[in-house]
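Let's take a quick tour of this model. Have a look at it, then read on.

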Amino acid sequence: MRGARKERQKGQRRLPGFQAQITAGFCLFALLSLGLLWMLQTVLLNPFYQAIKTGEARGIAESIVKNIDSQELDTLAYDTCVRTGVSIFITDPIGRSLVVCRQSFKGSLVADMGRLERMAIFEKVNLMGGSYTEAFTSRTGAGLILIGRVAPTGGGDHWLVLVESEITPVDATVDTLRVQLLCVTLVMLLLGTALAALLARRMAGPLTAMSQSAKRLGQGDYSIRFAPQGAREVSDLAHTLNYAAGELSKVDQLRRELLANVSHDLRTPLTMIKGYAEVMRDLPGENTPENVQVIIEEAERLTSLVNDLLDLSRLEAGAVGLTLAPFDLTACIQEILGRYGKLADYRFPFQFEGPAWVEADKLKISQVLYNLVNNAIHYAGPDKTISLRQTVEGGNVRVSVTDTGEGIPPDKLKDIWDRYYKVDKEHRRAQVGTGLGLSIVKNILELHGGAYGVESTLGQGSTFWFQLPAVGPGGQNLGALVSSADSVGC
Ligand code: ADP
């Protein structure tokens, strides 16, 4: 087991940290971007440039062809030629020059052509369907692009438009770019590493602090607080961990209280049983039915405490299945109150309009009623009156148990449903239960999907209530089940 943990820790240590991961990410990104730039700027610069120049020359040829009948053709050709740096030649089918605007490229092909050569080109362009593009190297070694277009004129003739563009070698530029890119790559890698270190420190700092706090939390220091700092997600995590620490501390506190309460509750009846038994053994004449009764009652208290603990742990573990069946809740309440009626001094007025039926687990609902009435008795006021009321509203039967006792402080109303919770922390009243009763009530009602609650005024008393869906009057629509279910006592 310990070996496995060591193994796991070893595995964890081998994982790269934030700094390494971010640095690697940054460097990879920088290298990829620069690689792409490198490709575009150096390897593909020449073909790109050539393609752009060819497209430009084609566009110029198109616009000349479109304006072939224009009076302004000369001016258009001249302006374009000056503006874009290309040479433009327009000839007729027999090679006579109609418009010439030539740039002073070294080794221009068209400028040196004779009439026959221009005729031959016309033929060639015609044969190629009226459109021709060619890249070549001039005698001087310069790159040239020649675009030819046959342009039908309005007069029925066909003229040849030739656009010649020079491609300046970009090798020198490429060399310069290479050096520049090398410098940029180095600078980017250095900057990336520094930035990654900075970012990693900012991100990892709060997490490292949190991890240390979590270790202390794991060691049982529930007072630890996680500082919400750094990025939003990290700060959210700190809030969540603070909440978890709060809950753990609450559970721990409750556990301590339970231990104290349970040991107190076990010890009191055990002391009584032992004391009475010793007196009965040692003192002649003390072996009376009254003393035996005390022993029996104390043993019953022990049994009920152990039962409560078992019930709650089973309910919370979800190990309790419900046996749902319709039954007369009113009759059940009356039956329970009948038993309490034997308690001298206490009064249990029950107010209801008529019998109400519910489909529920009869034994569990009786347990709810017993717990609520027991609490009301324990905390009852001097009038010793516990009033029960049953109403049917909106398809629900609502039962309330009211006492006129000390009441519950408003800030404790939410907590009393928690297991082991007792408003009276000092646990002075040994006759009062373990702090499990309401938690059992809550679990049972939640299993039934029923609503429940409490209203209380300090010094005036409390009303605990719950409600369950009502079934048809008398349950006659579910008659077959009623008779068997009704036989289970409350
Ligand atoms: P307990 O077994 O201690 O009564 P419960 O879970 O039944 O435990 O109740 C939890 C706490 O709620 C009690 O310790 C008590 O402080 C408070 N409480 C319950 N019912 C009443 C009541 N009718 N009047 C005043 N306080 C009550």
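What pLDDT does the chain average? The answer is 84, with 90% of the residues scoring at least 70.

## Before you start

This is a predicted model, where local features need pLDDT of at least 70, side-chain atom pairs count only at pLDDT 80 or more, and totals for chains, interfaces and linings use all residues. Residues are numbered from 1 along each chain as its sequence is written, and side-chain values use heavy atoms, leaving out hydrogens and water.

pLDDT is the predictor's confidence in each residue, from 0 to 100. Helices (H or I, at least four residues) and strands (E, at least two) are DSSP runs, numbered from the N terminus.

Where pLDDT is low, the predicted coordinates should not be read in detail.

## His448 in helix H11

His448 sits in helix H11 (residues 437–448). Its relative accessibility is 15%, so His448 counts as buried (under 20% relative accessible area, with exposed over 50% and partly exposed in between, using a 1.4 Å probe and protein chains only).

Beyond its neighbours within four places in sequence, His448 is in contact with residues including Leu322, Asp361 and Leu468. Contact here means heavy atoms within 4.5 Å.
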